[in-house]
Amino acid sequence: MKRFFLLLLNIWKQKLKIYFLAAWIGAGMGIFLLAPSYDYISSRERNADPISSIEFVIGQFAEVMTGQINQNNLILFYAEIGALLGLLSLGFYQVLHKRLVDLDALKAELDKDLPTIIRQGEGPLLEFKSTLRWDLQEQRVNRSLEGVVLKTLAGFFNSHVGGTLLIGVADNGEIVGLEQDFQTLKKSDQDGFEQTLITAIAENLGADLCRFVHILFHRIDNKDVCRVIVSPALRPVFLNIANTPKFFVRTGGGTRDLNIQEALDYVAGRWKSLK
């Protein structure tokens, strides 16, 4: 536990350094950009023959660097405004950058040819499941198979990059299709399948995670295949198994649960802004 808190403390130190730097850069922009701009505009309004803008900026810079600032100068005010703008800009950049990265990753995934993906086989970012709830060996509905699918999704949610789950494809890449799964649903079609899967995610992993899931259907060899594209979650995702929360991650081409210490270390590194 001590190691966990030390890691969090180190993460926050690094973040504070970044925020401090952003504030200083913003303050500098306030002093050397906002203040001279306002003062220059004011001087032009007062003086019919003002000095050039370059001369004015150089003069302002010299005053700041030598400490010869007029007592009526609002330089501190501009520094505060600039620092605030710097912090706000950093916050906006983080949000927009994260969104752009997610959109680029989703577009790259959508651009991939599905048959080509299947031929590549399973890996850290790709897994196959034959069915959602239909047991092919016992030829009956087996709800425990949904847990296997949810375990894989939890592993993708907890990863740094997400992943793709193909339902209706056997481990060897054979196209099984979703027809038998469809027959187990009240609404025996793609919409019913998607609703069932989204409901399972919301009830077992968290409704807030549904927005990180994109479900598509493809027709291959006259059979339906469900393509579930999972983006990384903003929080740790746990799956309750026998009333015990389990933390799953992707390792190689599979998914495994971590023990408590492993999970703490993983969470500290994966969600650096987690309080």
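**Cores, salt bridges and a helix**

Reply: In this predicted model, the largest nonpolar core has 30 residues. Those with the most contacts inside it are Leu153, Phe157, Ile167, Ile201, Leu205 and Val228.

Me: Which helix or strand gives the most to this core?
Reply: Helix H5 (144-158), strand E4 (163-167), helix H7 (190-204), strand E5 (213-220) and strand E6 (223-230) each supply at least two residues of the core. With six residues, the element that gives the most is H5.

Me: Which residues make up part of the other core, and how many residues does that core have?
Reply: Another core lies apart from the one described above. Among its residues are Leu114, Ile117, Phe128 and Val169, and its size is 10 residues.

Me: Leaving aside neighbours within four places in sequence, which residues is Phe157 in contact with?
Reply: Phe157 is among the residues with the most contacts inside the largest nonpolar core. Beyond its sequence neighbours, its contacts include Ile201 and Leu205, two residues also named for their contacts in that core.

Me: Why does the pair Arg133 and Glu146 tie together parts that are apart in sequence, and by how many residues?
Reply: The side chains of Arg133 and Glu146 form a salt bridge at 2.8 Å, N to O. Arg133 belongs to the loop between strand E1 (126-129) and strand E2 (134-135), whereas Glu146 belongs to helix H5, so the pair joins parts whose separation in sequence is 13 residues.

Me: Are Arg133 and Glu146 buried or exposed?
Reply: Buried means under 20% relative accessible area. Arg133 is at 8% relative accessibility, and Glu146 is at 14%. Because both values fall under the cut-off, each residue counts as buried.

Me: Where do Arg235 and Asp208 lie, and how many residues apart are they?
Reply: These two side chains meet in a salt bridge of 2.8 Å, N to O. Arg235 is in the loop between E6 and strand E7 (238-241), and Asp208 is in the loop between H7 and E5. The pair thus links distant parts of the chain, with a separation of 27 residues.

Me: Which residues do salt bridges that share partners join into one network?
Reply: A further salt bridge pairs Glu262 with Arg256 at 3.7 Å, N to O. The network formed through shared partners comprises Glu127, Lys129 and Arg250.

Me: Is Lys129 buried or exposed?
Reply: Lys129 lies in strand E1. Not counting residues up to four places away in sequence, Lys129 touches Val148, Val149, Thr152, Leu165, Leu166, Ile167, Gly168 and Val169. At 16% relative accessibility, Lys129 counts as buried.

Me: What do the buried residues of H7 pack against?
Reply: H7 has 15 residues and spans 21 Å from its first C-alpha to its last, close to the expected 21 Å. Its buried residues include Gly192, Phe193, Thr196, Leu197, Ala200 and Ile201. The buried residues of H7 pack against H5, E4, helix H6 (179-182), E5 and E6.

Me: Which residue caps the N-terminal end of H7?
Reply: Just after H7, Gly206 takes a positive phi of about 135°. At the N-terminal end, a side-chain oxygen lies 3.3 Å from the backbone nitrogen of Asp191, and the capping residue is Asp189.

Key. Residues numbered from 1 in each chain as written. Predicted model: local features only at pLDDT ≥ 70, side-chain atom pairs only at ≥ 80, totals over all residues. Heavy atoms only, no water. Core = buried A, V, L, I, M, F, W, Y, C linked by side-chain atoms within 4.5 Å. Buried < 20%, exposed > 50% of the residue type's maximum accessible area, 1.4 Å probe, protein only. Helix = DSSP H or I, 4+ residues; strand = E, 2+ residues; numbered from the N terminus. Contact = heavy atoms within 4.5 Å. Salt bridge = Lys/Arg side-chain N within 4 Å of Asp/Glu carboxyl O. Expected span 1.5 Å × (residues − 1). Polar contact = N/O pair within 3.5 Å; in protein donor to acceptor, adjacent residues only side chain to side chain.
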